[in-house]
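Hello,

Please find the structure below. My notes on it follow.

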Amino acid sequence: MLEIIKQPWPWYIAGPIIGLTVPALLILGNKHFGISANLRHICAACIPAKVPFFKYNWRKEAWNMLFVVGIIIGAAVAAVWLQNPASIELNPKLVKELAGYGITDYESLVPAQLFSLGNLLTIRGFLIMIVGGFIVGFGTRYAGGCTSGHSIMGLSNLQWPSLIATISFMVGGFIMANIILPLIMTL
Amino acid sequence: MENSTIVNTAFDTDHEVRAQDTICINESHLTHKWYHNIKYILVGILFGIAFVKAEIISWFRIQEMFRLQSFHMFGVIGSAVIVGAVSVWLIKRYNVKTIYGEHIEFHPKKFNKGQIYGGLLFGLGWAMTGACPGPLFAQLGTGATAVIAVILSAIAGTWIYGYFREKLPH
């Protein structure tokens with residue numbers, strides 16, 4: 001059993017588990033699934049600085065911050081006890097493309113050759129980690145949700161603004177991955 | 001129960017501020033002791049394990065998705081939406097209550113241009129960092145400590161958005 005769990009989970013197992021988070025949170029206490037709002041709650045709790053957008057009772061949303069604590073614990077559990085001993089299996093075309101940028105280490109789910117504190121001082125690392133992170137935070141709030149809030153909770157509730165947001169996420173991602181990122185990777 | 005719910009929402013301005021620019025929100029009108037929130041940690045743990053085991057938090061999987069080189073991520077998101085949508089439909093159809101007996105509330109979301117501008121920006125960032133906000137926290141959990149820099153930057157991005165919110169087109 002444990003050997004099966006250690007294998008990478010197929011989409012038709014993981015997808016429904018993620019989908020079931022929606023009714024689980026609703027039935028446990030009228031909570032609407034989403035994660036990016038926690039970035040705002042952290043601002044509201046730590047650095048509200050009289051900005052009206054951060055002046056609300058963030059304690060009402062403490063459940064969501066604890067949900068994220070759970071995600072961190074769950075990820076650690078999976079990494080420590082349920083780790084797949086083999087490296088990730090990828091499309092050979094991607095492996096070939098990444099080799100051209102010097103990315104050859106597939107040991108970790110987060111490529112250590114890109115994401116390291118030392119790389120923050122390189123142009124490529126700074127763009128990917130700091131600029132990338134910044135627009136994830138800015139963009140999700142501007143859009144009013146992320147993949148969880150819009151693409152899963154919003155679409156589950158058949159909200160058409162969430163469909164527009166999801167299409168925008170995908171368009172942005174396609175442009176970055178196929179046009180801009182190849183340039184950044186060669187820096 | 002139903003009446004008290006209506007009375008409570010009518011003048012709840014804190015709810016209005018919390019509901020700005022977000023889907024994920026606590027719609028409950030009940031207040032509980034802190035330990036009632038522990039159950040959300042447990043849901044998060046299951047969710048976090050699925051994130052890692054299905055390699056959703058992998059930068060490589062996100063690159064594959066945006067290059068249309070693998071069906072995996074589309075399958076994950078697609079099947080999650082189908083299961084979520086059927087669940088929400090069932091909750092509405094059979095008026096399923098919370099475990100505290102409260103009516104489960106849904107509010108329609110209004111369209112604004114931010115969903116396009118912000119959505120495009122987030123999409124760009126998603127393909128760069130290979131992670132949306134949920135996976136960022138999960139990556140940290142797997143021991144990728146450098147991701148702290150990405151998370152802090154995302155918090156800074158959120159703060160700057162909040163600061164300039166009124167000046168941005170919506």
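Where in chain A is A:Pro111 found? A:Pro111 sits in the loop between helix H5 (92-100) and helix H6 (123-143) of chain A. Helices are DSSP runs of H or I with at least four residues, strands are runs of E with at least two, and both are numbered from the N terminus.

Before the rest, some notes on the model. It is predicted: local features need pLDDT of at least 70, side-chain atom pairs count only at pLDDT 80 or more, and totals for chains, interfaces and linings use all residues. Residues are numbered from 1 along each chain as its sequence is written, while chains are lettered from A and ligands numbered from 1 in the order in which they are written.

A:Pro111 counts as buried because it has 21 C-beta neighbours inside 10 Å; the cut-off is 20 or more other C-beta atoms within 10 Å, with C-beta atoms placed from the backbone. Leaving out residues up to four places away in sequence, A:Pro111 touches A:Ile103, A:Asp105 and B:Trp59. Contact here means C-beta atoms, placed from the backbone, within 7 Å.

The contact between the chains takes 119 residues from chain A and 113 residues from chain B. On the side of chain A that touches chain B, H2(A) gives the most, with 18 residues.

Chain B has eight helices and zero strands. Its C-alpha trace spans about 50 × 40 × 30 Å along its principal axes. Of the 170 residues of chain B, 50% count as buried.

Regards

Methods:
A residue is buried if 20 or more other C-beta atoms lie within 10 Å of its own, exposed if 12 or fewer, and partly exposed in between; C-beta atoms are placed from the backbone. Two residues are in contact if their C-beta atoms, placed from the backbone, lie within 7 Å.
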